[in-house]
Amino acid sequence: MTLHPVVRYAGVTRKEAPVTNTPPQTHVEIRVRGHVIPDQWTNWFGGLAIENHSDGTAQLSGQVADQSELHGILDRIRDLGLALVSVRATEPGDACASGVFEGTQVRR
Amino acid sequence: MTTPLLTTKLFVPARRANRVPRPQLVERLDDGLRLDRRLTLISAPAGFGKTMLLSEWAVEAGRPIAWLNLDEGDNDPARFWVYVIGALRTVKPDFGEAALQAIQSPQAPALNALLIHLINEVAAVDQAVMLVLDDYHEITVPVIHEGVSFLLEHCPPQFHLAIATRADPPLQLARLRALGQMTEIRQADLRMSRAEVRSFLERTMGLQLAATDVAALGRRTEGWVAGLQLAALVLQGVAAAQGPDEITRLVADLTGTDRFVLDYLAEEVLRRQTEEDQHFLIHTSILDRLCGSLCDAVLDSDRAGLGREMLEKLEAANLFIVPLDHQRRWYRYHRLFADFLRSRLQQNHPERIPGLHCRAAAWYEITGQIAAAVEHALAGRDLSLAADLIERATQPALMQGEVDTLLHWIARLPDALVRSRPGLSICYAEALVVACQLDGVERYLDDAERGIDPHSASPAARRTLGQIAAMRAYLAFFTGDAAQADELSHRADALLAAEDPFLRSITKWLIGLTQTLGGNATLAQVSLAESVRLSQAGGGPLAGILSIYVYAYVEFLRGHPKQAERMYRQGEQLALASCAGPAPPALALIYQGLGDVLREWNDLEQAESCLERSVELAQQWGNAEVLVDTYALMARVKQAQGHSDQADQAIRRAWQFIEDGRVAQMTGRLVEAYWTRLRVAQGDIDGALPWAQAEMSQAQGGGWTTLFLHWIERATLVRLLVAQGRCGAALEMAEGLLKSAEAGDWMGIVIELLTLQSLALYGLGNADAALTALQRALRLGCAEGYVRVFVDCGAPVAGLLREMLQRPAGDGALRSYARSLLAALSPAERTELPHLPAPAGALPEPLSERESEVLGLIAAGLTNREISERLFIAYSTVKTHVNSIYRKLEVSSRVQAVTRATELDLV
C-alpha cells in the first residue's frame with residue numbers, strides 16, 4: 001500500500017538568503033552598437049561604467065555578482081533595441097580571459 | 001471560488017493609426033495557414049512591429065483569433081493554461097469548462113492529461129482556430145515549453161499557433177522547420193525596405209520629406225519600425241510647429257549622432273511634451289497596465305479624472321500608448337517606451353520609485369486585485385504590506401493550484417520576515433507541503449506556533465493551530481511516527497471543528513490512517529468513512545479518494561477482498577464523477593488497489609490493465625511513491641503469468657526510483673521484499689540471500705504498527721527460509737507473526753501465514769499438522785476467492801494439496817477449492833516434486849536418536865574420543881555412528897557435517 005500519496009511536485013526551490021561575505025565577482029565588458037550617455041543610463045544598467053568609443057560603439061564595464069545579474073543586463077540591452085557586439089568576462093586577478101561568461105568560480 | 005481572468009490580457013490589439021502596412025508579410029502568413037502549417041513564429045527584438053503585424057493579419061485572417069498577451073507572472077503553469085483556455089473561450093464561450101475546473105484545484109491533473117483533453121476539445125470544434133501568444137519570451141519555465149511543444153505536436157489541423165517573441169523559444173523549431181510545418185518571420189524580414197520607409201513616412205504619417213532625408217532616416221534606423229515611428233512622431237510635431245528646414249536639421253542631428261536610436265528619438269519625443277505630461281509619463285512608467293484612477297492614485301494627484309484625461313490625450317497623440325480593451329479603460333505603454341521612461345525615472349528620481357509602487361499596491365488592494373498588489377508591494381520593498389497581502393492570497397492561490405506563484409512571492413521576502421510572522425509561516429508551510437517539499441516545513445511550523453497562544457479561544461488562532469497540527473501530523477506520519485501522527489491529527493480535528501470541509505476531510509483521513517497503523521481497523525474505518533462524507537460534502541475528491549484507498553486496503557488485509565473491490569469501485573466513481581474533465585491523479589491509487597485484489601483472484605489480465613491505468617495516472621501525477629508500489633505489483637502479476645523477464649523489468653523500474661532517492665526508506669524496503677519474492681518464485685535462492693541476512697537482523701520486535709507496515713517483508717523472509725529448507729526457523733517466525741495477525745483480526749495476513757506455516761511443517765516432516773494449517777487457510781480463503789496466496793508458493797503447495805486430496809476426509813467445498821487451486825498452478829509446478837532442498841524431516845534416511853545425539857556433540861566440537869566418554873559407548877561405535885551420519889547427510893567431513901546439520905536444523 002502506498003503510504004505517502006502527496007500532491008504534485010512543483011519543483012520551485014527557495015533561494016537561500018545571500019551569504020554575508022561577498023561572493024566572488026566577475027568583471028564584465030559588454031560592447032554595444034551606439035553611444036550610451038552615462039548620465040542618463042548608468043543606473044539602468046546596474047551601475048556599470050559606460051564609455052563611448054569613436055567607432056560608434058559603447059562599452060559597459062564593471063562587476064556583476066552572478067549569471068542572473070549579467071543576463072538581466074543583457075536582456076535590458078536587448079529590450080532597448082541595442083545591438084550586442086561582444087561580451088567579455090574576466091576573473092578577478094587573472095590576466096584577461098576572453099570568451100563566454102563562465103560563471104563565478106574562484107580558482108586559486 | 002476562482003479569481004476572474006484579466007480580460008485585458010485577452011484583448012486583440014486594434015490596428016493603429018501609425019501602423020506600417022506590410023502586405024507581403026501578411027501574404028506569407030496567409031500562405032502558412034493555407035498550407036496547414038502548425039506554427040507561425042515571429043522572432044525579432046523589441047520594436048520590430050511583431051504585434052503590429054499579427055494584429056494586422058488577425059483582422060484579415062478569416063478565422064477566429066484567440067489572443068493572449070503574456071507577462072512574467074504567467075510562468076506559473078496553472079496560470080498559463082488557465083489563460084490559454086480563457087483566450088480560446090473568447091472564440092468559443094464554453095470551451096474547456098471541465099479542464100478549467102480541473103486545473104483550478106489543489107490537486108490539478110498532470111499537464112499531459114490536461115492537454116490531451118484540451119486537444120480533443122479543439123478537435124471537436126469544427127471551425128479553424130488560431131491562438132496567438134504575444135511576448136512569448138516572457139515564459140522561461142521549462143514545463144510550460146514542454147506543454148506548448150506537446151500541443152504543437154498533437155494539435156488537430158484546424159488549430160494554428162502563432163508566437164511573437166524576442167528570442168527563439170525552445171520548442172523543437174528545427175524539427176518543425178525541417179518538416180515545413182513552420183512559417184518564420186525574423187528581424188531581417190521585419191526591417192522596413194526603402195520603399196516601405198518612404199511610404200510610411202509620406203503616406204501614412206503625412207510628412208513631406210526630401211528624398212535624401214528619407215534615405216538618411218532609413219539608413220540610420222536600419223529599417224527599425226519603432227525607430228521610424230518615433231522619428232515620425234518627432235517630425236510631425238516639428239513640421240507642424242516649425243516647417244521643413246527644421247526637419248532637415250533634425251534628420252541631420254539624428255544621423256550625425258552616435259547615440260543609440262531609441263535614446264535619441266525617445267528623448268526628443270519626451271522633450272517636446274509639456275512638463276506636466278512628462279511628469280505623468282515618467283512616473284506612471286512603473287505600471288504594467290494603466291487606467292485613470294490607478295494613475296491618479298500613483299501620482300497622488302489632487303484632481304480626480306486627471307489620469308483618464310491624460311491617457312486619452314496620450315492615445316490621441318499616438319504616444320506609444322496602447323489600449324487594452326474596447327472601453328478605453330485600460331492601457332499600457334509600448335515596452336520600448338516604457339523602458340525608456342523607467343530609465344529616466346531611475347536616473348533622475350530613484351528615491352521616488354518605492355513610493356510609487358506602494359501607492360499602486362494600495363490601489364490594487366482596494367480594488368481587490370491581490371496578485372497585482374503583491375507584485376507592486378514587493379517591487380516597492382514594502383515588505384510588511386507584501387506579507388499581509390500574501391497571507392490573504394494564499395488560500396485562493398492554493399485552491400486554484402497556483403502554488404508556484406505563491407512560492408516565488410515568498411522567496412522574495414527575507415527569511416527572517418517570514419519566520420517572524422506566524423500567519424506567513426503557515427502560508428509558506430502549506431505551500432511547501434502542497435509542492436511536496438517537506439524538508440523545510442518543520443521549521444516554519446515551529447515559528448508559527450511560537451507566535452500563538454496555545455489556549456487562545458479566538459477562531460482565527462484555533463484555525464491556525466489546527467492547520468499547524470494537521471501539517472505536523474502529516475509530517476510525523478511521513479517519518480513513520482504513528483503515535484505522534486495519531487495525537488496530532490486528533491488535535492487538529494478538534495481545533496478545526498467548524499472549518500471548511502477540505503481541511504477536515506484531510507484531517508479525518510490522517511486520523512483514519514494513523515488508526516490503521518495503530519492496528520485499530522474498526523475505529524479507522526469510522527474515521528475514513530467520515531472523511532469520505534466530508535469529501536462529498538464539498539471538500540473535493542482528494543480526501544475521499546485517499547480514504548477509500550486506505551479503507552479498502554484494510555478490508556483486503558482483513559480477509560474481505562470482495563468488500564475491498566466494492567469500495568475501490570466506489571472510489572473510482574467518486575473520482576470520475578468529480579469532474580467531467582481529466583480525472584484527478586489520485587485515481588492512480590484506486591486502480592493500484594483494485595489491481596492488487598484482481599491479482600489475488602487470479603484475474604491476471606484485468607489486474608494488468610488496472611495496474612497499467614494506475615501507472616499512467618501516477619506518471620502524469622509525478623508521484624514516485626505510487627509508481628513504485630504499482631510496479632512492484634505489476635511484477636507479481638507478470639510472474640504469475642509466467643513472464644519472468646517482464647516481471648524483472650517491472651521490478652527494476654521500481655528499483656530505479658529507489659536508486660534515484662525519490663522515495664521514502666520504507667518504500668525501499670518494501671520493494672526489496674517484493675524483489676526477493678520474485679527471486680524465490682523464480683527459484684533463485686542465492687540471489688535472495690543478501691537481503692534476507694539484512695532483514696533478519698531487523699525482524700525482531702512486534703506491535704501493530706510494525707506488523708501492518710512490515711508484514712510483507714516478514715512474510716517474504718519466511719518464504720525464503722522455507723525455500724532454503726530452513727523450516728525450523730521459518731516455523732518459529734511464522735508462528736510468531738500469526739499470533740500478532742490473529743490478535744489484530746488481520747485474516748488476510750493470517751491466510752498467507754497459515755499457508756507458509758503449513759509448508760514449514762511439511763518440510764519438517766509433519767504432514768498432519770501441515771494439512772491442518774492448510775485446511776484452515778483454505779477455509780478462510782474459500783468464500784472470498786483467494787487464489788494467488790496459495791498458488792504463488794509453487795510446487796511445494798501442490799504437493800500438500802495433492803496429499804490433502806489423497807486423504808478421504810474433508811468437506812466437498814474445500815476439496816473442490818483445492819482442486820481449482822491445483823488447476824491454477826502451472827503444469828510444471830503441478831507435476832514437479834516439492835522443491836524443498838533436502839528438508840530435514842524428509843532425509844531419505846532419517847538419523848536415529850543416537851546418531852542425532854552424536855551429531856549434536858560433533859557440532860559442539862567434541863572429538864570422537866570425547867564423545868565415546870560422554871556417551872559411555874565404545875570408540876569404535878562412535879566411529880560407526882559418525883560414518884552413518886556422513887552417509888545420511890551426504891557429506892565426507894566433520895566440518896561439512898556440521899554445516900549440513902545447521903542448514904537442516906538438526907542441531
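The model is predicted. Begin with helix H26 of chain B, residues 482-495, and helix H27 of chain B, residues 501-517, which pack with their axes 9 Å apart at an angle of about 150°. Angles over 145 degrees count as roughly antiparallel, and H26(B) and H27(B) are therefore roughly antiparallel to each other. The crossing of H26(B) with H27(B) is left-handed. On the H26(B) side, the contact is made by Ala482(B), Ala485(B), Asp486(B), Ser489(B), His490(B), Ala492(B) and Asp493(B). H27(B) contributes Arg504(B), Thr507(B), Lys508(B), Leu510(B), Ile511(B), Thr514(B), Gln515(B) and Leu517(B). By class, the contact of H26(B) with H27(B) holds six nonpolar, five polar and four charged residues.

Further along chain B, helix H30 (residues 561-578) packs with H31(B) at an angle of about 155°, and the two axes are 9 Å apart. H30(B) and H31(B) are therefore roughly antiparallel to each other, and their crossing is left-handed. From H30(B), the contact takes in Pro561(B), Ala564(B), Glu565(B), Tyr568(B), Arg569(B), Gly571(B), Glu572(B), Ala575(B) and Leu576(B). The partners in H31(B) are Leu587(B), Ile590(B), Tyr591(B), Gly593(B), Leu594(B) and Val597(B). In the contact of H30(B) with H31(B), 10 residues are nonpolar, two are polar and three are charged.

Sorted by class, the contact of H39(B) with H40(B) has 13 nonpolar residues, four polar and one charged.

How many cavities of 30 Å³ or more does a search of the whole structure find? The search finds nine. The largest cavity holds about 450 Å³ of space. Its lining has 25 residues, and the closest to the centre of the cavity are Thr51(B), Met52(B), Val322(B), Arg332(B) and His334(B). Helix H2 (50-60) and helix H11 (225-242) of chain B are the elements that give two or more residues to this lining. H2(B) has the largest share, with four residues. The lining of the largest cavity divides into nine nonpolar, nine polar and seven charged residues.

The second largest cavity holds about 320 Å³ of space. It is lined by 27 residues, of which Phe556(B), Asp596(B), Arg599(B), Arg636(B) and Trp711(B) are the closest to its centre. Which helices of chain B each supply at least two residues of the lining of the second largest cavity? They are helix H29 (541-557), helix H31 (587-600), helix H33 (624-640), helix H35 (665-681), helix H37 (704-724), H39 and helix H41 (788-791). H31(B) gives the most to this lining, with five residues. By class, the lining of the second largest cavity has 13 nonpolar, four polar and 10 charged residues.

Conventions:
Residues numbered from 1 in each chain as written. Chains lettered and ligands numbered in written order. Predicted model: local features only at pLDDT ≥ 70, side-chain atom pairs only at ≥ 80, totals over all residues. Heavy atoms only, no water. Nonpolar A, V, L, I, M, F, W, Y, C, P; charged D, E, K, R; others polar. 1 Å grid on protein atoms, 1.4 Å probe; cavity = no way out; pocket = protein on both sides within 12 Å on 5 of 7 lines; lining within 4 Å. Points joined across faces, edges and corners; volume = space filled by probe spheres on them. Axes fitted to C-alpha atoms, helices over the stretch in contact; angles between N-to-C directions. Parallel < 35°, antiparallel > 145°, perpendicular 65-115°, else oblique. Left-handed = near helix turned anticlockwise from the far one by under 90°. Contact = heavy atoms within 4.5 Å.
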